[in-house]
Amino acid sequence: QVQLVESGGGSVQAGGSLRLSCAASGYTSNDPCIGWFRQAPGKEREGVTAICTASGRTFYADSVKGRFTSSTDNANDMVYLKMNNLKPEDTAIYYCAARNWDGATWYPLAQSSYHYWGQGTQVTVSS
């Protein structure tokens, strides 16, 4: 059974930093890929970044490029999202997600590409 647990959210002022963690258990795949998504109040969930641990590929939404960095600790089944220069518009619940490898074309920042989800962690950025 795959379980994903996020942590590290909190409240910061604009310009500050946070590091989110995603602990993945029971997750195996030919090409393990973890995505980070966020959902702000009244808005749809959007893809932020994705990282594939076997290939090292990373993907970022334009809105976070240069500010957010995704990384992994494969030995401990952890994925991290370091967020720098946070802006009020980054305020949202952040979720990590994992996908099964099926060999088909997939879109790293699309919700439909992922099969397992964590419960989310709140990030609030004040101006």
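Me: Is Tyr114 buried or exposed in this predicted model?
Reply: In this predicted model, the relative accessibility of Tyr114 is 6%. Buried means under 20%, so Tyr114 counts as buried.

Me: How are the rings of Trp106 and Tyr114 arranged?
Reply: Trp106 is itself buried, with a relative accessible area of 16%. Its ring centre and that of Tyr114 are 6.3 Å apart, and the planes meet at 85 degrees. Planes over 60 degrees apart count as edge-to-face, so the Trp106 and Tyr114 pair is edge-to-face.

Me: How many residues apart in sequence are the parts that the pair of Phe59 and Trp106 ties together?
Reply: Phe59 and Trp106 form an edge-to-face pair, 6.2 Å centre to centre with 75 degrees between the planes. Phe59 belongs to strand β6 (residues 58-60), while Trp106 is in the loop between β9 (92-98) and β10 (116-117). The pair therefore ties together parts whose separation in sequence is 47 residues.

Me: Is Phe59 buried, partly exposed or exposed?
Reply: The relative accessibility of Phe59 is 24%. Buried requires under 20% and exposed over 50%, so Phe59 counts as partly exposed.

Me: Which residues do ring pairs link into a cluster?
Reply: The structure holds five aromatic pairs. Ring pairs join a cluster made up of Phe37, Phe59, Trp106, Tyr114 and Trp117.

Me: Over the ring of which residue does the charged end of Arg45 sit?
Reply: A charge sits over a ring only if it is within 6 Å of the ring centre. The charged end of Arg45 is 4.9 Å from the centre of the ring it sits over, which belongs to Trp117.

Methods. Residues are numbered from 1 along each chain as its sequence is written. This is a predicted model: local features need pLDDT of at least 70, side-chain atom pairs count only at pLDDT 80 or more; totals for chains, interfaces and linings use all residues. Side-chain values use heavy atoms; hydrogens and water are left out. Rings of Phe, Tyr and Trp (its six-membered ring) pair if their centres lie within 6.5 Å; planes under 30 degrees apart count as stacked, over 60 as edge-to-face and the rest as tilted. Helices (H or I, at least four residues) and strands (E, at least two) are DSSP runs, numbered from the N terminus. Buried means under 20% relative accessible area, exposed over 50%, partly exposed in between (1.4 Å probe, protein chains only). A charge sits over a ring if NZ of Lys or CZ of Arg is within 6 Å of the ring centre and within 35 degrees of the ring normal.
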